[in-house]
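Please look over the sequence and the structure shown below before reading on.

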Amino acid sequence: RPGWFESLKYFVSLHPHSEHHDDIPLPRHAPKATVEGECLVSSTQLPKHPEVQVASGKQFSSAGDFDGDDALSSKGEARPLSKHPVVKFREHLELRVDRLDTSLVAYVWGRKASMTSEAVTLIGRSLAPLHEFKFQRRPSTWGVFD
């Protein structure tokens, strides 16, 4: 979590690869800009609160019924909802390559900056096969794993 004097933004870098997913090395440094034929870099985006909130601490009985009392604190007050920020990248990015690789690796990076310093951290990655038609030319949601 950033302090009150820090900003936290995220960006994605997309890298075509043909190696097996276990053999793809993690990048040593975050790319700063798009390199034609090698990688794409998105613009930085601020995290936003999700449109759908899920209450924490929900319990279901063995019959599958929701036990609403568990969503209340011991004082009878509602517990706060789970707050995991969401970042949406809705950019049109193009990368021209000499050959079609088997997958596209998306690395998600977090950039925490203050007046005196900046730190970039690899959050996780996701892979998309480039030879499957269902992933081409349409928006998709990717899960990111560390």
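This is a predicted model: local features need pLDDT of at least 70, side-chain atom pairs count only at pLDDT 80 or more; totals for chains, interfaces and linings use all residues.

If neighbours within four places in sequence are left aside, A119 is in contact with G110, R111 and K112.

- A119 is a residue of strand 4, and strand 4 covers residues 118–129.
- Although A119 and L8 are 111 residues apart along the chain, their C-alpha atoms are separated by 9.7 Å.

- An open sheet is formed by four strands, which follow one another in the order 2-1-3-4 and pair in the antiparallel sense.
- Strand 2 (40–41) and strand 4 are the edge strands, each of them pairing on one side only.
- In general, the strands of a sheet pair through backbone hydrogen bonds, and this pairing may be either parallel or antiparallel.

**Strand 3 with strand 4**
- Strand 3, made up of residues 103–113, runs antiparallel to strand 4, and the two are joined by eleven bridges.
- These two strands, strand 3 and strand 4, form a hairpin, with four residues lying between them.
- Within this pairing, L104 has A128 of strand 4 standing opposite.

**Strand 1 with strand 3**
- Strand 1, which spans residues 7–17, is likewise joined to strand 3 by eleven bridges, and these two strands run antiparallel.
- L8, the residue whose C-alpha distance to A119 was given above, stands opposite K112 in strand 3, and K112 is also one of the residues in contact with A119.
- Elsewhere in this pairing, H17 is found opposite S103 of strand 3.

**Strand 1 with strand 2**
- Strand 1 also pairs with strand 2, in the antiparallel sense and over two bridges.
- L14 has L40 of strand 2 as its bridge partner.

**How enclosed strand 1 is**
- Of the eleven residues of strand 1, nine are buried, and therefore this strand is largely enclosed by the rest of the structure.

Note on methods. Residues are numbered from 1 along each chain as its sequence is written. Side-chain values use heavy atoms; hydrogens and water are left out. Two strands pair if DSSP finds at least two bridges between them. Buried means under 20% relative accessible area, exposed over 50%, partly exposed in between (1.4 Å probe, protein chains only). Contact means heavy atoms within 4.5 Å.
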